[in-house]
Amino acid sequence: MSSAVIGSWADANDEFSAPDITTNPDGTKTVITFRTNQDGKRVKVTQRIREIKVQERVHPLIAQRKNWHKYGKERNSAPGPDTSTTQLGEKVELKLGLSWKQVEKEEEETKAQNRSDNIVIQKITCRFCGGDHYTAKCPYKETLGGTASADTAAAESAAAEANGTGKYVPRHMRAGAEGILSKEARDDAMTLKVSQLNSFVDEDMLRDELFARFGPLQRVTVVRNRETGDSRGLAYVSFYSEEAAEKALNALNGKGYHSLILHLEWSKKKKT
Amino acid sequence: MRPIKLMGHERSLTQVKYNREGDLLFSVAKDNAASIWYSSNGERLGTLEGHQGVIWSIDVDPESFLCATGGGDLAVKLWKVETGECVFTWDSPSPVRRVSFSPDGKKLLAIADQVMGHIGTIIVYDLNLDDLSNQSIEPSLIIRTDPNSAKANVAEWTADGKYIIAGLDNGYISKYDSVTAELVDSVQAHGIHNEEKIHSITDIQLSPEDGSYFITSSKDKCATLIDVETFKILKVYIADAPMNTAAITPVKDFVILGGGQEARNVTTTAESQGKFEARFYHKIFEEEIGRVKGHFGPLNTIAVHPDGLGYSSGGEDGFIRVHTFDKSYFDFLFDAERTEKAAASGTI
């Protein structure tokens with residue numbers, strides 16, 4: 001077939017020739033085109049095309065209405081749906097049956113399960129031996145401790161060198177720091193404010209005795225007096241899911257704990 | 001199924017409606033322009049601009065030649081569907097809550113709300129189809145929805161055009177003669193199935209096949225199916241949230257209910273608890289058989305495609321979602337239906 005025909009003068013400078021179309025005996029067409037791919041290489045594209053005519057019967061009125069001109073806000077729009085007003089939504093399921101509630105509940109549960117599986121449970125690791133205990137309680141503190149502290153000292157001096165001058169540089173501005181923990185990163189929607197705690201209650205007690213059974217926890221913080229370190233009877237507890245937080249709120253609010261009555265509320269007024 | 005999301009409105013939807021063939025979808029919202037869409041691909045044919053405020057209701061005549069809108073700006077407007085031009089405007093004494101064409105397309109009813117010292121009325125206009133811009137301002141009929149001193153929220157013509165069915169604020173459904181304005185029948189449809197205090201009726205839709213019965217939805221968390229002729233309650237569908245709309249599906253024996261928590265309370269709960277789903281009930285067995293999620297506000301209006309191929313819902317969130325049913329929807333049978341079918345095929 002002829003391939004050198006120029007369709008219009010606008011195409012005349014095209015690097016590649018017009019598509020080469022061959023009609024096959026079985027009624028299909030083979031179209032060979034050349035184009036440049038992302039890496040700048042010339043690619044030969046061979047397509048086999050079968051043309052099928054689909055006849056659709058529609059009501060004559062509908063066919064007529066299909067050709068109406070647009071008006072109003074759409075006066076100047078091109079034919080076809082406009083993506084600013086028309087979009088394809090996400091897939092939704094309609095499972096018909098009497099047991100639709102159970103099916104849906106099961107799905108929710110598996111989803112929740114997956115979510116909590118994905119959460120990496122924070123583990124205590126010893127800086128000396130890598131065991132699951134606090135560094136201070138490491139049984140090998142005497143034997144391994146020296147080398148480790150030497151390492152940290154070396155690291156610190158290296159950091160000082162990197163900063164150049166001997167001037168104090170705040171931790172978050174040092175090289176390799178991740179920056180300030182932005183406040184937006186915290187999700188207050190899943191945080192409960194616990195007040196009226198007894199003064200000896202600490203983070204671990206809250207975690208183990210009160211909140212762990214409602215779901216995995218992000219953070220537990222007891223607010224303390226800066227000078228004395230005494231608890232001020234107030235704590236913030238963050239969950240990984242709002243549902244768990246809500247469950248805890250409903251279950252524990254107004255319950256007694258170490259001779260005081262707990263008061264739980266959302267740490268922030270909900271907006272949505 | 002993958003719904004088409006229509007985002008042409010800036011505020012919450014008040015009504016969506018298909019034309020007779022189901023190729024056009026008409027929608028109105030609390031912003032001041034109505035939209036007309038091709039239901040097959042979600043393309044917008046155009047907008048009807050001219051109202052000054054909330055548009056509460058829209059209807060299209062059987063030929064898809066004219067459509068009417070009624071709004072909070074005390075106006076009923078008549079439009080040409082093809083060109084989108086407003087051909088006539090009637091002034092109403094109070095906000096217009098509902099408009100509806102008679103089955104022959106020659107009359108138009110409008111509900112003037114009971115506010116601003118006006119007593120709620122249903123007004124019927126005779127349309128002059130020869131000279132569209134020259135309509136008579138005087139209504140041919142005025143129905144004062146009086147007997148229980150409750151206002152009408154919604155009204156619909158019966159299939160033969162002889163009666164007008166009105167849903168009142170106190171849970172009653174009334175049937176009026178469309179010529180003499182006489183009250184023919186009345187039944188308390190809502191407020192008797194449970195203890196809910198508010199039971200105003202929010203929607204009335206006639207059965208798609210022959211219009212011999214209709215469905216009503218109410219704030220009392222129920223929907224009922226009522227026979228037009230005998231005016232007896234046939235079925236009751238009980239939901240767990242105030243219902244704003246209800247529709248009957250052709251082809252399959254289902255009804256679709258839409259609603260959810262009151263818009264003003266939405267801010268106080270999570271999306272999953274707001275119950276913002278379209279609920280499918282089996283029309284005959286009154287059992288809930290499924291839900292469709294998607295909106296993040298209460299559903300204000302639902303319309304079913306006249307061929308039963310899908311449905312559209314408009315929500316308080318300002319979106320319209322156009323759904324096309326999957327094959328599984330058409331295949332679904334109740335156990336009782338399945339055994340019956342098997343028995344029938346066995347005997348033949």
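Visitor: How many residues does the contact take from chain A and from chain B?
Guide: The model is a predicted one. Its contact draws on both chains. The residues taken are 28 from chain A and 38 from chain B.

Visitor: Which elements of chain A each supply at least two residues of the side that touches chain B, and how do the residues of that side divide?
Guide: The elements are α1 (60–66) and β4 (86–88) of chain A. The residues on the side of chain A that touches chain B divide into nine polar, eight charged and eleven nonpolar.

Visitor: How many residues has the largest nonpolar core, and how many has another core that lies apart from it?
Guide: The largest nonpolar core has 92 residues, and those with the most contacts inside it include Ile256(B) and Leu109(B). Ile256(B) touches, among others, Phe280(B), Ile302(B) and Tyr311(B), leaving aside residues up to four places away in sequence.

Visitor: What is the count of buried residues in α2(A)?
Guide: Helix α2 (residues 100–118) of chain A reaches 27 Å from its first C-alpha to its last, close to the 27 Å expected at 1.5 Å a residue. A residue is buried if 20 or more other C-beta atoms lie within 10 Å of its own. α2(A) is hardly covered, and among its 19 residues the count of buried ones is zero.

Note on methods:
Residues numbered from 1 in each chain as written. Chains lettered and ligands numbered in written order. Predicted model: local features only at pLDDT ≥ 70, side-chain atom pairs only at ≥ 80, totals over all residues. Contact = placed C-beta atoms within 7 Å. Helix = DSSP H or I, 4+ residues; strand = E, 2+ residues; numbered from the N terminus. Nonpolar A, V, L, I, M, F, W, Y, C, P; charged D, E, K, R; others polar. Core = buried A, V, L, I, M, F, W, Y, C linked by C-beta atoms within 7 Å. Buried ≥ 20, exposed ≤ 12 C-beta atoms within 10 Å, placed from the backbone. Expected span 1.5 Å × (residues − 1).
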